[in-house]
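Here is a friendly walk through a protein–DNA model, written for someone who likes to know the cut-offs. Have the sequence and the coordinates at hand as you read.

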2 protein chains.
Amino acid sequence: MKNESSTVENYIKTIYSLCDKNGKTTVSAVAERLQNNPASVSNMVRRLHEKGLLENKSKLILSKEGNLLARQLIRKHRLWETFLVRVLNFKWEEVHDIAEQLEHVHSPLLTERLPVFLEYPKFDPHGDPIPDKKGNLPDLNAIPLTEAEVDQLYIFRSVATDKSDFLNYLNKKGLQLGQKWKVTEKEEFDGSVKLLIDENREVYFSETVAQNF
Amino acid sequence: MKNESSTVENYIKTIYSLCDKNGKTTVSAVAERLQNNPASVSNMVRRLHEKGLLENKSKLILSKEGNLLARQLIRKHRLWETFLVRVLNFKWEEVHDIAEQLEHVHSPLLTERLPVFLEYPKFDPHGDPIPDKKGNLPDLNAIPLTEAEVDQLYIFRSVATDKSDFLNYLNKKGLQLGQKWKVTEKEEFDGSVKLLIDENREVYFSETVAQNF
DNA sequence: GTAAAATTTTAGATTAATCTAAATTATGAA
DNA sequence: TTCATAATTTAGATTAATCTAAAATTTTAC
C-alpha cells in the first residue's frame, strides 16, 4: 500500500467511522463531519476511487484496501493515545488532537515497536479496542447506553468519542471507566436518562450525551 | 509564534543548517540541499520573508523568529531521536527519517513532557547537543576531525549528520561514540586521514567522510 | 572595465485541496 | 405520477508548493 497524504487518510478514517451496517455513507455526512463543502467531498470521492480506496465510483463504500487503511490508522491513533497516557502521563481528555497528528507518521518499524514497548495493549485510554496488525477488532459484548435496560447493572467500559469537550464534561460529573451503573429512569420523549453510579450517586444525561457511550 | 506548514519548517531548518559564520546562505545552496529547483526556493524565500522568518527581502538571513523556530525544530528532532533509541530500542542509524516526521507534530504540552520523561537529555544518540526550551545550545569544546592535530589524543563525541547511509558506514568500520582516537597520518593532497582507534585499530577515512565528524 | 559564467528572479504552468455558485440528479410526499 | 426539496456534481476560482524556460542580475576572470 503506497503512502497517502494526511488529507486522504483523514477522509478514509471519516468514511470508515460514518459507515452504516451496509458499509455505506453519504457525501453530505462526510462534508458535515469534516466541516468541508459537499463539492470538495464529491471531488475527493472521485480521487479516492481512482486510488482504489473506494469500491464504487459513486457509492461511498470503502474497498478492502480502504478498509484496511482506516483500521491501521485507528490502530496507530489508539496506540499513540495509550502511549501518551501511560508513558507521558497525559489525561484522557488531552490526547485526541496529538494522536490525530501522530497517526499520520509513516514508519512500519515504529508501528511495530510501539505496541511491543506498551506490551500489546488491547484497549486505549477511552476503553476503545485497538485493532491488531491485520486490522481485526475483538468482538465486544458491550452495548451503548441508549440501549441499556432499566434497573439492569452494567459496567462502564468505553466512550464512543475521544473529543476533549465531551471528556471534560464526564470528568466534571465524576465519571470513569470501570464504574458500575444502572439506568433508573428513561424519558421516552427526549431520550434523557437518569443513572445510578456505583450505587451511591445519581447523574442525569441528555440524549446527546447518552449517545456518546 | 503561529503554526507553519511542514514545508516552511523544513526550509527554515535547512537555511539554519547551511548558514555560515555571518548567518547567511544562498538560494542555490538551499535548492541543492532540498533537491528543489532554485526558482522554487527563490519563491519560497519571498514568502518566508513575508512571514517574518527572514531578516531581509533578498538576503538569506534568518530573523530572530526564524532562528528560534529552527532551534525548536532541532530540539524536537533530537528529543524524538533520543526517545526512539532509548525507549523503543532503535539503532542510531534508524531514527533520522522518523524524527524528521515527528519533529513537525505540534503540541506544546508534548514538547514539554517528552524531555521530562527522558530526564532532560543534553545530547542525542549521535552526540549532538539538544537545544534547551529557549533554543540555547551548550558551548562544546569539540573540534571537527578535519582540524585534529596529528598524534594528539581525542574522544569521539559526535557525528555531524544523522543520515543512515553515513552511520551504516561507521557501523561497518566499528566506530562508536566514546572511543579514544588519534590522527596518525594526514594526507594534504586529498584530505584523507589515518586514525588509530582505542590504541589498537587503524582506520582510513576519505575527506568526505572526515567532514562528517 | 568589460565579457563570460554563475546566480537569482520572473513568468507561466501544474497538482492537491479547497471554495462558491450553478446545474443536475435523486428522493419522497401528496 | 409529478413536483418540490434535498443531495450531488460540475464549472470555475483560489492558495500552497512545485516545475521549466527565459530574463535579469551579480560575480568572476582576464
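Helices (H or I, at least four residues) and strands (E, at least two) are DSSP runs, numbered from the N terminus. This is a predicted model, in which local features need pLDDT of at least 70, side-chain atom pairs count only at pLDDT 80 or more, and totals for chains, interfaces and linings use all residues. Residues are numbered from 1 along each chain as its sequence is written, chains are lettered from A and ligands numbered from 1 in the order in which they are written, and side-chain values use heavy atoms, with hydrogens and water left out.

A residue is near a molecule or strand if one of its heavy atoms lies within 4 Å of it. Around DNA strand D there are 16 residues, and Ser28(A), Ser5(B), Asn37(B), Ser40(B) and Arg47(B) come nearest. Of the atoms of DNA strand D that come within 4 Å of the protein, 76% belong to sugar and phosphate.

Helix H2 (27–34) and helix H3 (38–50) of chain A, along with helix H1 (6–18) and helix H3 (38–50) of chain B, each supply at least two residues of this surface. H3(B) gives the most, with 4 residues. By class, the surface near DNA strand D divides into 6 nonpolar, 9 polar and 1 charged. Here Ala, Val, Leu, Ile, Met, Phe, Trp, Tyr, Cys and Pro count as nonpolar, Asp, Glu, Lys and Arg as charged, and the others, Gly among them, as polar.

**The surface near DNA strand C**

DNA strand C is surrounded by 16 residues, the closest being Ser5(A), Asn37(A), Ser40(A), Arg47(A) and Ser28(B). Sugar and phosphate make up 75% of the atoms of DNA strand C that come within 4 Å of the protein. H3(A) provides the largest share of the surface near DNA strand C, 4 residues. The classes on this surface are 6 nonpolar, 9 polar and 1 charged.

| Protein atom | DNA strand | Distance |
|---|---|---|
| Ser28(A), backbone N or O | D | 2.7 Å |
| Ser5(B), polar side-chain atom | D | 2.6 Å |
| Asn37(B), side-chain N or O | D | 2.7 Å |
| Ser5(A), polar side-chain atom | C | 2.6 Å |
| Asn37(A), side-chain N or O | C | 2.7 Å |
| Ser40(A), polar side-chain atom | C | 2.3 Å |

**How the two chains are related**

Two copies of a chain are related by a rotation about an axis and a shift along it. Superposed by least squares on the C-alpha atoms of residues with pLDDT of at least 70 in both, chain B can be laid on chain A with an RMSD of 0.0 Å by a turn of 180° and a shift of 0.0 Å along the axis. That is the relation of a two-fold axis. In chain B, Leu102(B) has the C-alpha nearest the axis, 3.7 Å from it. With contact meaning heavy atoms within 4.5 Å, 100% of the contact residues of chain B recur in chain A, so the same surface serves both copies.

**The sheet**

Two strands pair if DSSP finds at least two bridges between them. In chain A, 4 strands form an open antiparallel sheet in the order S1-S2-S3-S4. Its edge strands, each pairing on one side only, are S1 (153–155) and S4 (201–205) of chain A. In S4(A), Val203(A) stands opposite Leu195(A).

In chain B, S3(B) and S4(B) form a hairpin with 3 residues between them, and Asp198(B) in the turn has a positive phi of about 50°. Leu196(B) has Glu202(B) as its bridge partner in S4(B).

Note on methods. Polar contact = N/O pair within 3.5 Å; in protein donor to acceptor, adjacent residues only side chain to side chain.
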